Structures are given as structure tokens and as C-alpha cells.
Amino acid sequence: MSLNPSLRTSSKITTPESHYSHSRGGRFSVSPSQDSHLSREERKCLEIQGLQVQSLVALGGFSRVYRGISSTSLARRESVAIKVTEITERSRFLRREMNIIRTIQHPYIIPLHSIFVNEGKCYIVTKLAEQGDLLDYLMQHGVTQEETARTWFRQLAEAVLYLHSQDIVHRDVKCENILLNEKFEVQLADFGFARIVDGSRINPYLSETYCGSLSYVAPEILKWKPYHPKPADMWSLGVVLFAIFNARLPFFATTNWDMRRSQMRKTYKFRTRVKKNLSKSAINLVSYLLEPAIEKRLTIEHVIRSKWLKYT
């Protein structure tokens, strides 16, 4: 089955000049001018920490991600991912990421190995997800069977429930940031845009950072007004679920205006063969998540209790 090329998208939302948005460490926001090789100082710093770099995995505007081996334990050598980030004047995102990933621990969130700072660089080391990311899986295998989709989405939902219960929002949930470990279990990763929020749904904290990838951001973000980030995470979950079922994204546009118009009109369409074989409760869950009105959109608690996820 041929895949919609929009599944692999590099489009980021285009922000007003007064706001900053960047896909931190994103594999598809490659900066050609950035040296992908480790400097002698970087390599020495990693060696002191018992880390050996094997290869470059991803290259972004401010970050590089390497595959490596940790030999800190004499019992075994562990495969790890090493994210090297330049510390700049815009490093408030990095500070938040460091603070959050130090405090979270969940079976479906990528485990932290270590984190350290040296010579203007931040090194975030996590366990390596041996099976790559969900995007690569969908690109290779196409549409996913409903039972597999249910298992993965339940794991992802449990990770987001854990975060939201801690008043943490991810703000960059997408297929590239959903990794698969050696057991093919979901591992939510990349907390570069995550932050802690206060307030309930009735009196919520409103975010003013317009971040993420265009294909995954909620329509309220594209209004350029402060928005409630928890419902925005839920929209992104809906996009991921649609992509798992269809091996393509629900909306495709090259401008913010066109994207928001498609979102508000709910123009997405399931593949005919997929829709024919998919349960009604699964189709309904996608619709309730890709709901433009945030007051009608499901919360993560509603998703966990949904008929589709409760079915076994």
C-alpha cells in the first residue's frame, strides 16, 4: 500500500515575529551548517561519563542525537541515546526539559540514564529505543491492525495521563516522538517543549508558546491567542491515532490558515478499507479527539475510560 507522503512532514507552524518556535532536536529540521561530528572536548566529556558514541541518529537546529554505549556498569553494556544541545540565550526550554525529565518516571516514557552540563553543552542520555520510532514503523509497515493500535494507544494514553496528573504538558506529541522499545512498547520521548502548568480546565493556565509541527497542532494554537495546553495535547493524540490507523496524517496543508480551515471543517477521511474494518468506537474516539471545540474535546481521563480502550 502506498503511503501518503504527508506522513513524513517537516512543516512547522509559522509564528508571528514576537514568538519563538522550534522543533528541538527534530530529525527533519536539519541545519546544514551545523557540524554533526563530536568535538574532541565533547568526546572526552562523554568518555569521562562512561559513554562511547557509535553513530549520529538525528540532527536539529540546536541539538544532535547519537547512538552510544554506556559502560558505567561493569555487569553489562547498555545501548543509549545521547542528545547534545547547545546552551543559548533561549535555553528556557532546555531548563524546563532538564527539570521535568529528572522528576518523571513511567513505564511508557523513555527512561533517563543521566544528564550533565559541560562547556556550554547539555547532555541528556536516555535508554535507546531499539525499534525506532512510530513514524518509521508506519512508513515501513503501513496501516496498523486495530488490536495493535489499541495496545499502543492505551500505552500512550497512560503516559499522557501520568503527565497531566502531574500538571505537565508535553506540547509536541507526534509520531516521531513516540518510540518503540525492544518489546515494541510505546516510549514517549523528547520533552523539549514540555512544561509544568497550573490551573484546572475551568480556570486553566494559558500557554503563549506556539510550538510544534503544523500537522499535529490544535486549531486553537493557530489562532495566535493564549491557549489551554492540555486540550492541545489531546488533539495531537487524535492525530497520532488517525495516523496509526491510516498510515497517513488527517490534515495536510502548507500554511497555517489552510491547516486551521481544514481542522475546523474536520475534512479528514479514513482509508475506505480501514474504515470498513474498524470498530465504530475507534472511529468515534478519533472524532472526539479531533474536535475543534476544546470544551467538547475529550480529556485524557475520558480517553482512558473510553469504550474502545476498555474493550479487551
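Buried, on this tour, means under 20% relative accessible area, with exposed over 50% and partly exposed in between (1.4 Å probe, protein chains only). The model is predicted, so local features need pLDDT of at least 70 and side-chain atom pairs count only at pLDDT 80 or more, while totals for chains, interfaces and linings use all residues. Residues are numbered from 1 along each chain as its sequence is written, and side-chain values use heavy atoms, with hydrogens and water left out.

Select Thr-299 to begin. You'll find Thr-299 in the loop between helix H8 (280-289) and helix H9 (300-304); helices here are DSSP runs of H or I, at least four residues, and they, like strands (E, at least two), are numbered from the N terminus. Is Thr-299 buried or exposed? Thr-299 is buried, because its relative accessible area is 15%.

Now show the side chains of Glu-301 and His-302. The Thr-299 side chain makes a polar contact with the side chain of Glu-301 at 3.2 Å, and another with that of His-302 at 3.1 Å. A polar contact is a pair of N or O atoms within 3.5 Å; within protein, one must be able to donate a hydrogen and the other to accept it, and residues adjacent in sequence count only if both atoms are side-chain atoms.

Next, pick Phe-153. Leaving aside neighbours within four places in sequence, its contacts (heavy atoms within 4.5 Å) include Leu-237, Leu-289, Val-303 and Trp-308. Which residues touch the most other members of the largest nonpolar core? Phe-153, Phe-245 and Val-303 do, out of 72 residues. Such a core is a set of buried Ala, Val, Leu, Ile, Met, Phe, Trp, Tyr and Cys residues joined through side-chain atoms within 4.5 Å. Colour helix H5 (residues 229-246) too: H5 gives the most to this core, with 11 residues. A second, separate core of 12 residues includes Leu-38, Leu-46, Leu-51 and Val-125.

Last stop: the cysteines. Cys-45 is buried at 8% relative accessible area, and Cys-122 is buried at 0%.
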